[in-house]
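Dear colleague,

I am passing on the structure we discussed, and my notes on it follow below. Please read them with the model open beside you.

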Amino acid sequence: MFRSFLIASLAIFGLFVLAAPARAIDGEAAIGKPFGVGRITFSGADAGSIDERLCRIEEAGGQIYYPTMTPGLLGRLFNQVLGPPQTGAAGQVTIHFLFRGDEPLKVTIFTPAKIELTLTPRVENERAFNRLQERWWRDYQTAAQKQIDEGNHPPLVPSYLQTMLSRRLGLPLKDEVGLLGRPKPVEKPAPSTYDSLQLLLGLEELRLKTVRDSMLGRGDYGQRLTAELPAGMAWPPAALPPLDGDVPVETIASHVPPEYFYIRFGTFRNYLWLSDLMNDYGGDLGSMVTMRSYVAPLNKRIQEQLGLEQNELAKVLGPNVINDVALIGQDLYMVDGAAMGILFEAKASELFADDIQKQRKRALERHKTKGAKAEIIKINGQEVSFISTSDNRLRSFYVSHDKYHFVTTSRTMAERFLAVSGGAPALAQSAEFLHARTILPIVRDDTIFAFFSKSFFEGLLTPQYQIELHRRMQATTDLDLLRFARLTARGEGYDADKLETLIEGRFLPASFGKRPDGSSPLLAGTELLDTRRGARGSFLPIADTRVERVTAAEAERYNAQAALYRDQWKVMDPLMIGIKRFALEKTDPAAPTIERVTIDGNITPLNEAKYGRVMAMLGPPTTQMITRDRNDIASVQAVVKEINLLGNIPPHHLFLGVQDLTPVLENRKTGLFGTLQMLQKTPGYIGSWPKAGYLDMLPLSGLLGGRPDADGFTQFPFGLWRREGGGFSVLSFDWSVLANVTPNLRVSEAEIPAQVRIHIGDLSTAKVAPLINQLYYDRALAASAGNVKMLHMLNQQMHVPLDECVTVAHDMLNAELNCPLGGDYKLMEEIGGGLYWRSTIWPEKFDQAPADYKAPLLDWFRGLDGHLTKQQSRLIAHLEVDLARKPEAKAPAAAPEFKLPLFDLFNGQKAFKTDPKAKENELPPPLPPVKQTTPPKGREF
């Protein structure tokens, strides 16, 4: 009822708008300096059809700049409520733009149909000019923010353009203006651990802020190094239990410094397994699940930087010459340049060393045009092979001790390896590591064992790392800004090869590049480098960067962060993860091989205060659980502790389930109604037990609902139903789901205690697979369309020639554009003769996934079961993931035969397994079966 009323209201409003006299194409152009401002308004009646994805404007003399296209008021209302049209729409569109000169503008608009017109610029009074400019600026910022919110790419380009134009034209940024139109005072932000975590994790939010601050001349520009490096944080020792006798550990750990992260593969075959798994399904672990619009080849980049290869010969010879492999490092900053390396324990040391040297010679040959060179340097009195280029794209130290061979990007790490191999304290002797090996003992024979020590996390928070991370963020941002400024200036016809010209033209602020540490961006031929750190993506490792003196602002910032960590975090927690893979028995020889990967994660000792509200909400572990319905394809439940919020809420279980029912996908919508429709069409439910839980905080019963009927059903707005009884309170948009599920709800005794339990079945054969395919398709199509928008944005905003846009985009992102649908981006001719970038695999109809489309997740995912348990000083997570593997190529005869151990099915999938020794809860069914087969008639909303 509410939805119908809203649509009717919009329709009536639309009739008034459409009843107004039809206007021909309307435009104006006001002369100004440095830019004039123009406007063109047209409708579908003029263009025949308007597709927002394919709207583009051109001017014969190239004198139109920074256009922004905005649908009319009615179009914006329908877009927000009903979602944007999936195909061409006959709405009204207004294009605002800047231009130069006073000559007539010969304009061509593609919608994609062609509209041609000539605008004659006029001299307007100041008030009329300012009003037109304000409209352009408002629409321009709105469009830029929409692009940022869509999140298909790092939001750096729209942020740069906004701040650059704001400075050049003296126009206020929307979020820096108060209610009365006055500039907001620039307040110094209070330090927070979140800011530090953004820096540690390299979050886009911080990069966006750095772009804005840099363009507005804020930051440490021009400051001097007047302060000593602050003292580091004094962390308390870990509270570890005493060891009970000797703890067996692997010998390779005796050559690893205790402050490094440690990822041990055990055998070279395990190392190849992870690499092959990622290559089979997208290139990295993230691409196996998400729909990425671009892919940064991080694994390839670090492999290239180390000068190592992974070819078919390595797969054959590796298991014969390598006994153990570990990835170790001081950080994981692979996006900008990491301090990490690979440690090998060789079976045939001389043969292995000979192969490494051959790989290094081939690396030098590949990089010879970059001036690659080989040196023998001495570290701790031992000769070390070092191959490198000046931009650090090749930076590889090779050092060996006995049968242990270490290849690393960092000189500091090579020094520490030699020191530990020479008798300095090693990871294998540290109390933390020995404790970890009592929890995940070596006899487990894990495929992958990862250990991140307390001292590793503490190392990331040292003054050197924190201050250099800030400087590195600024260096990366400066390279991005210089790249954007050159493209923008070239598009306006300026000389873009001199920094002075870019600053004089106000494409960059006067303070640009004046960093306290003396480093600056450098244009070297066609490449942009940092004078101290090298090329973007392969910066000098932080471990090798000397930080001796700092600015007063850097010292103050670090000391404030250190105080926060001392007060709020107090101690860092070690993290250990064990991953083991098994074969599942095949009932059908023709079926794909299914592997079960078990993942055991432990944080111990645990200081839960730093993990925020979510951890604080969990109640004590319990063997009580809500029995999972047999028709659930996915089920999650959590034990929640009591809380005093709007009344006392006692401890209870929250549970959620999604039934394996065929979804209805016809007449799909987007926007607000699309979201509501998706919730309504998903055959799921959410409930609590005992009844007085978080769900009763929702103001449904008292404000919007009526009294329960004889079966305990209550109807709420937007098609939501609730059923209560037997201590359960369950909500669903589908009455039949409640009717079928609630009679089967019971409290049972589980085999293992836990706070969180999760189960996801085999989605590839589930009835909900079409819904998953559609969701993935929607996201893949949005990501693919986002790439095309970016390519057209480069053309429209920076005047990059259309045929160069892909190359420029790859350079800007330091990654390759990826069409998640599997297509390629090509220039194609549309109606009216306009050229557009499109994916070769785009369908004619955008609103429905093709019948043969399959979500990438369904290619490999075959089920998940897991639980999380928080004890007094320990957090334990256990996951079992079933995955399908692509058929392996037949191994050459030289490769030794290898078989996975079979998984004991009776010991797996325990999250929802009942305890066979416990008596079943003797409570009667909490809710009786529902007699009627159709929903009762209730109030309409």
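Leaving aside its neighbours within four places in sequence, with which residues is Arg-100 in contact? Taking contact to mean heavy atoms within 4.5 Å, Arg-100 touches Pro-34, Phe-35, Gln-63, Tyr-65, Arg-168, Glu-492 and Tyr-494.

Before going further, a word on the basis of these notes: this is a predicted model, in which local features need pLDDT of at least 70 and side-chain atom pairs count only at pLDDT 80 or more, while totals for chains, interfaces and linings use all residues. Residues are numbered from 1 along each chain as its sequence is written, and side-chain values use heavy atoms, with hydrogens and water left out.

Overall picture

The protein contains 23 helices and 39 strands, where helices (H or I, at least four residues) and strands (E, at least two) are DSSP runs numbered from the N terminus. Of its 941 residues, 50% count as buried; here buried means under 20% relative accessible area, exposed over 50%, and partly exposed in between, with a 1.4 Å probe and protein chains only. Among contacts between residues at least 6 apart in sequence, 73% join residues at least 24 apart.

Two arginines

Arg-100 is found in the loop between β5 and β6 (105-110), and it counts as buried because its relative accessible area is 19%. Its side chain is joined to that of Glu-492 by a polar contact of 2.7 Å, a polar contact being a pair of N or O atoms within 3.5 Å, of which, within protein, one must be able to donate a hydrogen and the other to accept it, and for which residues adjacent in sequence count only if both atoms are side-chain atoms.

Arg-874, by comparison, lies in strand β39 (residues 874-885) and is partly exposed, with a relative accessible area of 25%. Its side chain makes a polar contact of 2.9 Å with the side chain of Asn-602, and the C-alpha atoms of Arg-874 and Ile-603, which are 271 residues apart along the chain, are separated by 5.7 Å. Leaving aside neighbours within four places in sequence, the residues in contact with Arg-874 are Ile-439, Asn-602, Ile-603, Thr-604, Leu-606 and Thr-869.

Strands and sheets

An open sheet of 4 strands has the order β1-β2-β5-β4, with antiparallel pairing, and two strands are said to pair if DSSP finds at least two bridges between them. The edge strands are β1 (26-30) and β4 (64-71), each of which pairs on one side only, and the twist from one strand to the next averages 15°. Between β1 and strand β2 (residues 36-43), which run antiparallel, there are 5 bridges, and Ala-30 has Val-37 in β2 as its bridge partner. Helix α4 (residues 126-150) lies across β1, β2, β4 and β5 (92-99), running at about 75° to β4; axes are lines fitted to C-alpha atoms, for helices over the stretch in contact, and angles run from 0 to 180 degrees between N-to-C directions.

Strand β29 (residues 684-689) has 5 of its 6 residues buried, so it is largely enclosed by the rest of the structure. Strand β28 (residues 652-659) pairs with β29 in the antiparallel sense over 6 bridges, and the bridge partner of His-653 in β29 is Trp-689. Strand β32 (residues 728-732) also runs antiparallel to β29, joined to it by 3 bridges, and there Ser-688 is partnered by Ser-729.

Helix packing

Helix α15 (residues 463-491) and helix α22 (residues 805-813) pack at an angle of about 155°, with their axes 10 Å apart, and are therefore roughly antiparallel to each other. (Angles under 35 degrees count as roughly parallel, over 145 as roughly antiparallel, 65 to 115 as roughly perpendicular and the rest as oblique.) In this packing, Asp-480, Arg-483, Phe-484 and Leu-487 of α15 meet Val-808, Asp-811 and Met-812 of α22.

The axes of helix α21 (residues 769-798) and α22 come within 10 Å and cross at roughly 100°, so these two helices, α21 and α22, are roughly perpendicular to each other. From α21 the contact is made by Met-790, Leu-791, Leu-794 and Asn-795, and from α22 by Cys-805, Val-806, Val-808, Ala-809, Met-812 and Leu-813.

With best wishes
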